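Colleague: Could you walk me through this one? I am new here, and I would like to know what stands behind each label.

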Amino acid sequence: IFQRLNITSTSLTIKLTIMSTVKDGIRQRRNRKIKSSRSELLNSSKDGGSSGSSRSKNASKINKGTSAVEEAQSITSSLIRTKNMMKSELERVSHVSSAIDEDGKTIENTKEEHLGMSGSVKGAKGTLGKMKRLEMEDSIIFWSSVGFFYMVVLYVMWTRIRIPFLLW
C-alpha cells in the first residue's frame, strides 16, 4: 500500500509540475501577445497613416514568426526540464522501492527468528519451572534430613545419658 501511495503521490507531484510548467508557458505567450499588440498600437498611433498600418502588419508577421519560434523553444525547454524531473523522480522512486524491499526482507527474517525463539522460550520456561520445583524438593528433603538428624542425636543422648529433666 505504501508503495502505491508513494508512487501515486510522486505521479501527482509530477503532474502538478507539468501543469505549472504549461501554465507558465501560457502566461509567457499571453504576455508576449499583450506586449506585441501594445507595441503595434503604439507604433500605429505614432505613424498615424496607412503606411504605418502596412509596416505594422509586416512587423506583426515577423513578430509572430519570432514569437512562435521563441514559444516553441520555451515549450521545448519546459518539456526537457519536465523529462529530467520525471527521470530523477523515477530514480528516486526506484531507490525508495529497493530500500522498502530490503527493509521488508529484514522484517521477515526478524519475524522468522522471533517465531523460532518463541518456541525455545516456551521450552526454556517449562524447564525453568521444573528446575524450581526440583530445587524446592531438594530444599525440603535437606531440611527434613537436618531435622531428623537432630532428633536422632537427641534420642541417642536421652537414652545414653538419661537426663530426666529432658522430655520427662
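This is a predicted model: local features need pLDDT of at least 70, side-chain atom pairs count only at pLDDT 80 or more; totals for chains, interfaces and linings use all residues.

Colleague: How many helices and strands does the protein have?

Modeller: Two helices and zero strands. Both kinds of element are DSSP runs, numbered from the N terminus: helices are H or I with at least four residues, strands are E with at least two.

Colleague: Why is threonine 82 called buried?

Modeller: Buried means under 20% relative accessible area, exposed over 50%, and partly exposed in between (1.4 Å probe, protein chains only). Threonine 82 has 8%, so it counts as buried. This residue lies in helix H2 and touches Ile18 and Thr21, not counting residues up to four places away in sequence; contact means heavy atoms within 4.5 Å.

Colleague: And what makes serine 74 count as buried?

Modeller: Its relative accessibility is 19%, so serine 74 counts as buried. Serine 74 also lies in helix H2, and leaving aside neighbours within four places in sequence, it is in contact with Gln28 and Arg32. Of the 168 residues of the protein, 10% count as buried.

Colleague: How do you know that arginine 32 and glutamate 70 meet in a salt bridge?

Modeller: A salt bridge needs a side-chain nitrogen of Lys or Arg within 4 Å of a carboxyl oxygen of Asp or Glu. For arginine 32 and glutamate 70 the N to O distance is 3.9 Å, and the pair counts as a salt bridge. Arginine 32 lies in helix H1 and glutamate 70 in helix H2, so the pair ties together parts that are 38 residues apart in sequence.

Colleague: How many salt bridges does the structure hold?

Modeller: Three. Among them, glutamate 71 pairs with arginine 29, the closest N and O atoms being 2.5 Å apart. That pair links distant parts of the chain, with glutamate 71 in helix H2 and arginine 29 in helix H1 (residues 2–47), 42 residues apart. Another joins arginine 92 and glutamate 89 at 3.2 Å, N to O; being three residues apart in helix H2, they are separated by about one helical turn.

Colleague: How many aromatic pairs are there?

Modeller: Rings of Phe, Tyr and Trp (its six-membered ring) pair if their centres lie within 6.5 Å; planes under 30 degrees apart count as stacked, over 60 as edge-to-face and the rest as tilted. By this rule there are two aromatic pairs. In phenylalanine 142 and tryptophan 143 the ring centres are 5.1 Å apart and the planes stand at 75°, so the pair is edge-to-face.

Colleague: Is tryptophan 143 buried or exposed?

Modeller: At 57% relative accessibility, tryptophan 143 counts as exposed, while phenylalanine 142, at 45%, is partly exposed.

Notes:
Residues are numbered from 1 along each chain as its sequence is written. Side-chain values use heavy atoms; hydrogens and water are left out.
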